[in-house]
Amino acid sequence: MKLYCLSGHPTLPCNVLKFKSTTIMLDCALDTTSVLNYLPLPLVHSPRLSKLPGWISKDGTINLEKELKECAGRLFVDSQPEFCLPEKELLDLSTIDVILISNYHCMMALPYITEHTGFTGTVYATEPTLQIGRLLMEELVKFMERVPKAQSATCWKNKEIQRMLPGPLKDAVEVWTWKRCYSMQEVNSALSKVQLVGYSQKVELFGAVQISPLSSGYSLGSSNWIIQSHHEKVSYVSGSSLLTTHPQPMDQSSLKNSDVLILTGLTQMPTANPDGMLGEFCSNLAMTIRAGGNVLVPCYSSGVIYDLLECLYQFIDSANLGTTPFYFISPVANSSLEFSQIFAEWLCHNKQTKVYLPEPPFPHAELIQTNKLKHYPSIHGDFSSDFKQPCVVFTGHPSLRFGDVVHFMELWGKSNLNTIIFTEPDFSYLDALAPYQPLAMKCVYCPIDTRLNFHQVSKLLKEVQPLHVVCPDQYTQPPPSQSHRSDLMLELQPPPMPYRRCSVLNLPFRRCYERVYILPELANSLVPSELKPGVSVANVSAILHSKDNKHTLQSVPKAAPAPPSKKRKRVVEEPPVGGAPKPLLSGAVPLEPFLATLQKHGITEVKVEETTDGHILHLQAEDTLIQLEEDGTHIVCDNNEPLRTTIRDLVLRFLQKL
Amino acid sequence: MEGECFTLLPRVCAVLAAGSSLPDDTSLEKLLDWFSELTTAGVSLVKDCPCLLEFTSTVVNSATSDPCILSFTLKLVGLLASSEDGFIVLQESSVLDLVFNPGHWEKAGHWEDPCVRIGWIQGLRSLLQHTKALCFFVQAGKQCKWRPHESEEHLQHGLIEPLLQLQTDTSLFVASAASQILAHILIFYQPSPSLTHNSMEKNEAADKSTNPSTTDDGRCPFKAETDQSFTTVVMLISEHLKNSLVSGGDAKLHHAQQSLRLLVLLLTRLRPPLRDSLLHAVTDALEELLMTDLTPPLMDVILAAHSSSSSDVRIHRLVSSLLSTKKPTDLLHAAAAFLRRGLHDDVHTAQCARAILLPLHIVTGQLFLDMDPADEDLCSMAAQLQNKSSCISIICTCLTNSPLITVLDPSFLPCSLDVIISSILLMLRLCSGDTLSVSSGCSGAVRNVIGSSKVKKCALEALMSVSSSPGAKAEVIKVFTLLLKYLDDPDSDPTVFHKSYQVLVRWISVCRDPSSIPDQLKQDLLGVVRKRVCDVRWEVRDSTVEFLGRLAAVKVHHTTDTEAQSACEVLPGGSSSITPVLEEALLDPESYVRASAISALAQTQAPGWQQGAALTQERSEFVVRLLDVLSEDTEGFPRRAVVQYFISWFSSSASRSSLLRRSVRSVLSRGSADLDWEVKVHTLELAKLLLDEALSAHSSSTKELGAQCVHPYAVIPQPVYTPHTHTENGEEDTAALLETLVEEGVVSVLLSGLVDCDRPVALKACRLLIVLREALCPPSHTDLGTDRETVAKVSFLLPKSGWALEIIKILKTKNKAEEENAATLRSSNCIDELKLGEGYNKGWDGVSGAGCERMSVCELLSNLGLDERVKILNQSSDHVQNSPLSLLQDILSAGGAHTQPNTQLMQEVIVDCY
């Protein structure tokens, strides 16, 4: 069993598991942090951005004025942003049989894998994962296509040149593999390969293994996966949460008794408690509005935003914010808000019951009805006429490099009355803000990451007790910024197996058994004899038939009656005609009675030597050795065949024949 | 009522003796309480209630009595015999010997029941109040052979033997009661320290003639008669304690625990000669016990011994071995207990200080104690700290007790005070996950404390306590920075926020000079406060608002000769930056927060009131807002706070502005009509201020009230009733004063309060009306000439609706009762008028408005029967139900119902049960 690690990012996993005869890709997340190296894509012409100076090396030898722009002491690539893809060279991706998706954040690289690698398999995901994943991909494509950039910067990627650049561009890795965003056509094609599954549904893969998604409690339709054969069980835990938010709670008990547990997607903010952050978010929001400022919340169009809106729903009145407008701007805002209301079966129990009242599960429906929350596909159109300040705007993309958020950054960045509140933990807020410096607006970092923290995962692992744990390298040591915090790492016995990008792990477990079926008529013909109480054995002569990884023992066809013709044309195809198989022996040779028997047969001079495994009898007169061991008996007798036969027969007297 | 009770008593005794069912479990206890009260009041039960004697002898001689009745009887006999007279009567009737003979109860098969045993002990406890009782206690065994299966030898010392045995009874209540009575005997009968043996003998006769039972401090003044008996008892108890402390099996251990508890009781209350001899008897046993295991009672005994005779070498040795125990938690607790008792000596105090600081030394890695890393104590404590549950409790004990160290003489300290303060600060940093500052701390322990709210609170508490220590001032900036971090931490528990604010206020008052705090910190504090006042959790918002109020109330002095300045100056912009935040909080959805905001605003505005600052337009608008809160807020807390605000304003303002006058009148009328009784009580408090002002009497209680910081929704404590005397200055314009009080609405507030259905309101109003009457309305028999006439003419317009109808009703009832004596009552005409509803009396010069009656205030006050009313109101609302008469009637009814099970009464009782 092998694990190929195609991504080094702990929360954006992409791994391939080779188990029995199957090749299974576990998630294919897209690392979008690479976009932080690019200049933002403004929706409206930005004189500030267009006037940024280009970069020329100090000695003047390299001129990348058109490709690289300098802002507040940092270099940014002026081009269509590109993403860092999962590793493609580690193994032939066309051999992948299936791709298992755990949540909609972990499928953003799907078109790159399914469309350009010769992939012919199936993708498995739950319905909300597919639908919301589609929305996120669609949003991403629209963000990019709305602001087309003619040029594509490539010169800076030249190894020689990159080495000359200042950080962080200099330290960017795998830049040549970075790719521009896919098209909507590719998205549709990739998603057409998705087969929907429900929680706990069992899907057979080629008869070799069975896969089954379990609720992971992180987002709508998010799942962990169980991959098991008859005798082995591998659990894949990715992006799980034990907090009571909107999704169905995590199914922990099904993870028990795993041989290997692959653990990814723990919280990126182990020291930030989501509840505290949610409170902080609300307080900062209220404080800004009270002081007459606007609040900008860069966020994804699905996920935590549902909880944020729910929290605000309760908070608005208590903080006297009833008259403040809340805007949600995204090409998919409407679909996202509506989708969340229809996936009732994927919601937590509390929200599910609301559906039968009937009431919308999420309170944002009421916010929309009462006009407190308004949503728009973009800043153009209706929004510009409805827009009132002070207000709160939720919009993407959290990287601040594309999407409507860029416009609000340009609009509100100059006033210290306004506040930007970061809630998505995927991007470093300082890096995200870098191309907007100098910035007067207040910045508040309230990353809300509901995924498991180290304390919760230790407790979980104590309960489910996997034999081996495989996890990203980052989880085996404290975060670099808090090197003394030994509570922020996984401490397990045996220690977890760490992986990095491009690691190939031989999973430390050996398959010992395989299930073989036996046909009824063959079973009927068996004559078991009892070796010891409770243990019976029987000889089987059969043909082993293997198909679709299923093994069956079939009866040996009876030898056809001899054909009248003496000619035998196809001898080879004749079933092997075996005579009655030799009987199998069992039992042990008791020393004393055996010696007595030897004596009866005239062998008297026997020297008995005790060994670790049994005894050696030295028949001195006959110059013969009899080695009696637990699992074998040897008679060493040179050139005295009659004696050997005699001794053999004597030995056989003590053994049972089957 | 007493006579009536005594009449019922024989029947009650009969019911009890017949074993009838009782109204409830507590009836017998209540009955005993009543008997005790009577005894204390000097009633001789034996003489006045002979039926009790009869009852006791019936029960004692009956073989089939209910154990509860038996227990009651035992206690009753003890009570009856607690006076010498009663004792003699009972002894003569030989009831006493029988009742306190355990053998008797054993034979009857009742001794197995713990309630009989406890009755026996408590009876004995009541009995042992005089010398005769002690003699009886010691002699009893000799006179009657109550334990036939025991040898003569055991019977020599009366009841002491069975009592000592009961000290290890299986029932904990019995065992504890036995210990209590043993302690009582030794303490009560111990020789007085001031009197010598001879002088006591001389005084004996005199003592006997006055109060034969006890002296003021509850001990027995006798010696001679008891001397022999007492010596015997002391000897036996010492011997018993000594034997029971010798280590043995589990049963023995239980015995030892009981004896240790008894020893603690004794050592703290016995006086020298006796205490020393007792100590002498048990020291060896204690030493031996200390070698086996340390338990909290053993620790208490040793420390009690040390505090009573610290110079004793053997006790000194005991304390030394106590403080050298190898179990880290025991050592910590022993050290803490030692310091908490305020015990100091050259050797042990320093040792204790080290023991308490040891966990801090290990966890913070500060290594301020000069210790070898391989030290045994250090290693075992470090091992304990690795375990999460013990770690938290150890560190909390350490932090809770560390302030004890800061008050010690510096010569006892193992390190300087500032090191202790910085260690506490470091601990707080560790709790919030900042581990960068720890270099060599115990990582396992550090891991345990991260995020622990319990440790955070203890450390904050410790930080608060050390704020007054000498080195504190130098640490102000560090403390500020840390507390700001705590207040900014979104994960902090609301209780941690609350504590952090309290600590901050304390340290700001320590700092004295707010200008020494860097501007950035001040700015950060304002930012944090603004953020926290918007917090999702109301507790945090409430703490923040409360903090701002406290900040305004704290005064800081730059130097001794400069004027005090409000601590608000620690915020940029001072109190002007606080006010908008607090005004915003007035709209908070949580009533507690609104109430705190009102209270905090009162505190921020108080300096302006005191200086008589001119009222601004905003301030006037704010007052209107407050009055709106009083009439519109749906919750009681903010309304109470509003009345409180006006109380503060009125009591602290230098001048009476027209706005204040107007609003107070408004508060009085709205507050007295409130549905919340506490708002009404607060309103009456405000009325009292007006009353006091009018009477020019400086009531001490009012001043106190103005000065102290009253929580916005706390009930005002009952003021001491101090009737005002009629002063000479007051006489001159009494009528005018009364007129003012009527005009300001004080009189109508008091009258409406008087008929309020809530007792505290009615009581307060009644007391204030009495004050008013005493001060302004001269009694009718005194002749004060024209002045009296003028005062009597001051009238009041009594509406004919609402509470006023109740007043009219009272007057009518009163009139009816006094009808026959109408000639002497001047106001009878007025009452007649009211009764007939015809208008007003010719002798009155007032006019009645539509639906109103005008009447003389003084007449009204004298006719309301205020003195009787205050007496009734002073009793608790259930005094009727709880009266002895009611109890006796209940017992009789239950007994009657028992004998006639089909009666209605029985059904009622059953219904009552549900």
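Let me begin with the interface: chain B and chain A bury about 1,900 Å² between them, with 54% of it on carbon and sulfur atoms, where buried area is the accessible area (1.4 Å probe) that two parts lose on being put together, summed over both. Please keep in mind that this is a predicted model, in which local features need pLDDT of at least 70 and side-chain atom pairs count only at pLDDT 80 or more, while totals for chains, interfaces and linings use all residues. Residues are numbered from 1 along each chain as its sequence is written, chains are lettered from A and ligands numbered from 1 in the order in which they are written, and side-chain values use heavy atoms, with hydrogens and water left out.

Staying with the interface, 20 residues of chain B are in contact with 22 residues of chain A, contact meaning heavy atoms within 4.5 Å. Between chain B and chain A the count is 4 salt bridges, a salt bridge being a side-chain nitrogen of Lys or Arg within 4 Å of a carboxyl oxygen of Asp or Glu. One of the salt bridges joins the side chains of R532(B) and E280(A), at 3.1 Å from N to O. Helix α28 of chain B, residues 519–532, gives the most to the side of chain B that touches chain A, with 4 residues; helices here are DSSP runs of H or I with at least four residues, strands are runs of E with at least two, and both are numbered from the N terminus. R532(B) and E280(A) also belong to a network of salt bridges that links them with D488(B), K531(B), D535(B) and R537(B).

As a general point, side chains of opposite charge can pair when their charged atoms come close. In chain A, the side chains of R501(A) and E87(A) meet in a salt bridge at 3.4 Å, N to O. This pair links distant parts of the chain, 414 residues apart, with R501(A) in the loop between β24 (497–499) and β25 (504–506) and E87(A) in the loop between β7 (82–83) and β8 (98–100). R501(A) is partly exposed, with a relative accessible area of 24%, whereas E87(A) is buried, at 9%; buried means under 20% relative accessible area, exposed over 50%, and partly exposed in between (1.4 Å probe, protein chains only).

What about D404(A) and R146(A)? Their side chains meet in a salt bridge at 3.2 Å, N to O. D404(A) lies in the loop between β20 (392–395) and α12 (405–412) of chain A and R146(A) in helix α3 (residues 127–146), so the pair ties together parts that are 258 residues apart in sequence. D404(A) counts as buried, at 0% relative accessibility, while R146(A) is partly exposed, at 31%.

The UniProt record, an unreviewed entry, carries the annotation "domain: Beta-Casp" over residues 305–433 of chain A, and such annotations may be inferred rather than shown by experiment. The end C-alpha atoms of residues 305–433 of chain A lie 21 Å apart, and the span is 43% helix and 12% strand.

Finally, chain B as a whole: its secondary structure comes to 47 helices and 4 strands, and buried residues make up 53% of the 914 residues in chain B. Among the contacts in chain B with a separation of 6 or more, 69% are accounted for by residues 24 or more positions apart.
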